[in-house]
Amino acid sequence: MELVYIPDLLNAYGQKRKWDVQDHLDGLESLTPVNGQLQVVHNGNFLEVQAIAETIVTLTCDRCLRQYNHRLEVSVAELIWLQEPVVLDEQDDELEVEVAMDDLVETLSPKGHFSPVEWLYEQMCLALPQRQLCDADCPGITVEDYNQEPQQTFDQRWASLQALKENLPN
């Protein structure tokens, strides 16, 4: 999928573009290609982006540290507002800028580009489980009893040196 020039979406049929996704995403290590569909609709002052996709990733269990395969599925929709970025005055020496709650949304320039691959990668990463467990009943790492006498493994190549050490006076 290539970058989408946002003004070109206005000329597209229905002001939208659809993609069938069947490829590996850069940065997302997956066993299978990401399969699904992605759609971008230009609605005047915002983009409506929707995706349904899945893949299989290899994760490491937080309890037992074994690797296991996990089916990663996303079914997401997001509105991305189209507005020119706010330019701060260069004369302002303030280190802090107050941001209203309404400004805490994703925005793109209406004359800019939208990267569907990057957006899908971000959505797949957000869908990764924060608590990665291979099984709900995972016992974790087995810990040996430290009160027991440790088993001595002896390398036979050091046998003659050990014999010499035992014959020496303290």
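**Salt bridges in a predicted model**

I'll start with R157, which is exposed, at a relative accessible area of 71%. For the terms: exposed means over 50% relative accessible area, buried under 20%, and partly exposed in between, with a 1.4 Å probe and protein chains only.

Two notes on the source. This is a predicted model, in which local features need pLDDT of at least 70 and side-chain atom pairs count only at pLDDT 80 or more, while totals for chains, interfaces and linings use all residues. Residues are numbered from 1 along each chain as its sequence is written, and side-chain values use heavy atoms, with hydrogens and water left out.

Back to R157. Its salt-bridge partner is D155, with the closest N and O atoms 2.6 Å apart. A salt bridge here is a side-chain nitrogen of Lys or Arg within 4 Å of a carboxyl oxygen of Asp or Glu. D155 is partly exposed, at 30% relative accessibility.

How many salt bridges does this rule give? The count is 3.

Next, E2 and R17. Their closest N and O atoms are 2.8 Å apart, and they form a salt bridge. E2 sits in the segment before β1 (4–5) and R17 in strand β2 (residues 16–23), so the pair links distant parts of the chain, 15 residues apart. Strands are DSSP runs (E, at least two residues), as helices are (H or I, at least four), numbered from the N terminus. E2 is partly exposed at 42%, and R17 is partly exposed at 30%.

Then E54 and R71, whose side chains meet in a salt bridge at 3.7 Å, N to O. E54 belongs to strand β4 (residues 46–60) and R71 to strand β5 (residues 67–82), so this pair ties together parts 17 residues apart in sequence. Both are partly exposed: E54 at 31%, R71 at 47%.
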